[in-house]
Each structure stands twice: as C-alpha cells, then as structure tokens.
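The sequence and coordinates come first.

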Amino acid sequence: MLFSGVVGLLAAAQLAAAAKLDKVADFGSNPTRINMYIYVPDKVSAKPAIIVAMHPCGGSGPSWYSGTRLPSYADSNGFILIYPDTPNMSHCWDVQNAATLTHNGGGDAAGIISMVNYTLKKYNGDASKVYLMGSSSGAMMTNAMAGSYPEVFEAGAAYSGIGFACASGQGQATPSAANQTCAQGNIRHTPQEWGNFVRNAYPGYTGKRPRLQIYHGLADTLVRPACAMQALQQWANVMGLEWTKNVTGVPSAAYTQVIYGDGTKLEGFFGQGVGHTAPVNEQLMLKFFGILS
Ligand SMILES: *[C@@H]1O[C@H](CO)[C@@H](O)[C@H](O)[C@H]1NC(C)=O
Ligand SMILES: *[C@@H]1O[C@H](CO)[C@@H](O)[C@H](O)[C@H]1NC(C)=O
Ligand SMILES: *[C@@H]1O[C@H](CO)[C@@H](O)[C@H](O)[C@H]1NC(C)=O
Ligand SMILES: *[C@@H]1O[C@H](CO)[C@@H](O)[C@H](O)[C@H]1NC(C)=O
C-alpha cells in the first residue's frame with residue numbers, strides 16, 4: 001500500500017514534468033488580442049533558440065503544434081516553440097494592413113513581437129537565434145514579419161505564402177476574400193518595387209535581413225507559385241543577391257532548388273505536382289536555420 005503510493009507519487013511527478021503546449025495569458029502589448037501558446041521542452045537549453053510557428057488559415061496554435069514534427073526536434077535540440085494563434089478573419093493572419101507591414105506599426109505583428117520578447121526574457125533566450133516559419137497564411141505572415149522586424153529574426157521559412165505587401169490594400173488575405181489578385185499571382189511589380197515595400201516598412205534600417213527559405217508547390221492553384229517567385233525576387237533585391245542556379249532533385253525528386261547568391265541567405269524549393277500546401281521539411285529548414293548541423 002505504502003509502496004504503491006510512492007510509485008504513484010513518482011508517476012505523478014513525472015507527468016507534471018512532461019512538457020506540453022501551454023497557453024500564456026499575459027505576454028505584453030497585444031493590440032489585436034491574438035493568443036499565445038508555447039512549447040518549452042523538458043531539456044530546454046540554457047540559452048535557447050526560439051522558433052515562432054504560425055498556423056495556416058482556419059488553424060490554431062494547438063492544431064499547428066500537431067501539424068509539424070517541430071516539437072520532437074525541440075525535445076532533442078532544446079529550442080522553444082511559440083505558437084501564435086489568431087481568432088480573427090477566419091483564423092487568418094492580418095498580412096494586408098499597414099499596421100503589420102510597418103515596423104512598430106501594431107497589428108498581429110506587434111502581438112507576436114511581444115511573445116518573442118516575453119519568451120526571450122522568461123527563458124533566457126538567445127536573441128541572435130530567433131526564427132519564424134509558417135504555412136499558407138502563416139507563410140504570408142512569415143514574409144510580413146521578416147520585412148517589418150528584420151532586427152528580431154535570424155532566419156525564416158515560408159511554405160506556400162506570398163511576398164511582403166502582396167495583398168496590401170486588399171480587404172483580406174483569406175481564401176474567401178473577394179479580391180484574389182495577389183494569391184492568383186497577378187500583382188505585377190519589378191524586383192526593385194517589391195524590394196521597396198520591404199525597405200519602406202522600416203525606413204533607415206541598414207542592419208542585416210533575415211535569411212529565408214521559400215517553399216511552394218507548382219500545382220498550387222489557391223496561392224499560385226508565381227507568388228513565391230515574387231517573394232524570391234523581392235528578397236533577392238532587398239538582400240542584394242543575384243539568382244545563381246536551379247538544382248533539380250533537391251531535396252527530393254519532385255523538387256527544384258532555386259539558389260540565390262551562395263544559397264546560405266536565400267533559396268526556394270518548388271515541387272512538381274505539389275498543391276496547397278507544400279509539406280514542411282523540418283530537417284532542411286532546421287539545417288538552414290543552423291539549429292541542426
Ligand atoms: C480579434 O478577435 C478578438 C477575439 O474575438 C477580438 O477581441 C479582437 O478585437 C479582434 N481583433 C481584430 C483586429 O479584429
Ligand atoms: C521588444 O523588445 C525590444 C528590445 O528590447 C524593444 O525595443 C521592443 O520595443 C519590444 N517590443 C514589444 C512589442 O514589446
Ligand atoms: C484587388 O487588390 C489589388 C491590390 O492588391 C488592387 O490593385 C485591385 O484594384 C483590387 N481589385 C478590386 C476589384 O478591388
Ligand atoms: C529556375 O530559374 C529560372 C531563372 O530564375 C526561373 O525562371 C525558373 O522558373 C526556375 N525553375 C524552376 C523549376 O523553379
């Protein structure tokens with residue numbers, strides 16, 4: 001009786017210690033009242049890297065937590081995952097309003113920066129190792145945040161999104177929105193003009209830009225692959241990089257890797273026969289981030 005009681009207590013203690021997704025109530029300024037979820041692994045690093053993982057339209061923090069294998073990589077590598085969650089616009093991120101597209105302009109972006117600040121402080125995070133990723137609407141937000149807050153993020157990965165400010169001036173960037181001009185790849189700008197949107201988000205900023213991976217399916221009819229090409233041209237212009245070469249069969253047979261510069265700052269992956277959305281490639285992404293060797 002006594003013995004089984006002790007075993008029960010130990011089991012309870014182990015359960016209590018097991019990492020899980022937690023909701024955080026007060027994380028700072030949050031003008032659009034989005035939600036914050038966090039996953040801190042049991043063996044968190046002393047100075048952990050932080051990845052902000054943003055869900056697609058209709059998603060949530062908890063659904064995106066289950067949507068990739070990033071939590072198990074957090075368990076083995078000690079980094080922290082932030083899962084922002086928006087209740088607004090059919091659970092799609094605000095990627096079209098000036099607030100998000102302006103440094104310190106507010107919007108969903110400001111709430112997410114508060115989450116990053118909160119996490120850096122509370123868990124002694126490494127401010128030089130803050131990353132972001134997302135799928136579809138989350139990928140659109142990845143490009144938006146990378147443009148508006150270049151000083152915060154070291155690198156990012158956008159799966160099936162749009163370039164910075166592509167949907168600017170449209171009512172919403174959602175599948176049900178009346179205006180699909182951007183998602184259909186029909187916004188026309190020169191690389192210089194695309195680059196200007198990013199530069200104008202934070203006038204006078206001369207520091208480094210987040211390194212980026214852009215993934216897209218060539219059979220995507222909801223968000224056309226042209227959107228990813230535009231994003232690559234945009235970032236190439238902002239980073240001052242030239243297209244170098246395409247390599248077929250990377251990371252797998254259906255894909256073509258599109259390399260800018262030496263490939264360490266900007267690259268694209270386009271999948272033949274891949275629709276909406278391009279699957280998350282955790283390993284390729286974490287290597288690009290520098291978290292996996
Ligand atoms: C987002 O949704 C929350 C919760 O319903 C609401 O309080 C907030 O005002 C909304 N924000 C915007 C910008 O629509
Ligand atoms: C986040 O932290 C940075 C650096 O301390 C600060 O400049 C910025 O104002 C903070 N932003 C928010 C939204 O808390
Ligand atoms: C759709 O949005 C684009 C800008 O993203 C704008 O140029 C165009 O006029 C809009 N079309 C309609 C019908 O509102
Ligand atoms: C390869 O690169 C060229 C030049 O940038 C581009 O036009 C083309 O679409 C790329 N091919 C693929 C499969 O992405």
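1. Conventions. This is a predicted model, in which local features need pLDDT of at least 70, side-chain atom pairs count only at pLDDT 80 or more, and totals for chains, interfaces and linings use all residues. Residues are numbered from 1 along each chain as its sequence is written, chains are lettered from A and ligands numbered from 1 in the order in which they are written, and side-chain values use heavy atoms, with hydrogens and water left out.

2. Sheet. An open sheet of 10 strands runs in the order β1-β2-β4-β3-β5-β6-β7-β10-β9-β8, with mixed pairing. At the edges are β1 (21-24) and β8, each of which pairs on one side only. From one strand to the next the twist averages 20°. Helices (H or I, at least four residues) and strands (E, at least two) are DSSP runs numbered from the N terminus, and two strands pair if DSSP finds at least two bridges between them.

3. A parallel pair. Strands β6 (residues 155-159) and β7 (residues 211-217) run parallel and are joined by 5 bridges. G156 has L212 in β7 as its bridge partner.

4. Helices on the sheet. Helix α3 (residues 70-77) packs on the sheet and touches β2 (35-39), β4 (80-85) and β5 (130-135), its direction making about 150° with that of β4. Helix α8 (residues 282-289) lies across β3 (50-54), β5, β6, β7 and β10 (266-271), at about 160° to β7. Contact means heavy atoms within 4.5 Å; axes are lines fitted to C-alpha atoms, for helices over the stretch in contact, and angles run from 0 to 180 degrees between N-to-C directions.

5. Ligand 4. An oxygen atom of ligand 4 is 2.5 Å from a side-chain N or O atom of N246, and an oxygen atom of the ligand is 3.5 Å from one in the side chain of W243. The protein buries 55% of the 360 Å² that ligand 4 exposes when taken alone (Shrake-Rupley method, 1.4 Å probe).

6. Ligand 1. Around ligand 1 are T32, R33, P87 and N88. A polar backbone atom of T32 is 3.3 Å from a nitrogen atom of ligand 1, and a polar side-chain atom of R33 lies 3.5 Å from an oxygen atom of the ligand. Of the 360 Å² of accessible area that ligand 1 has on its own, the protein covers 45%.

Notes:
A residue is near a molecule or strand if one of its heavy atoms lies within 4 Å of it. A polar contact is a pair of N or O atoms within 3.5 Å; within protein, one must be able to donate a hydrogen and the other to accept it, and residues adjacent in sequence count only if both atoms are side-chain atoms.
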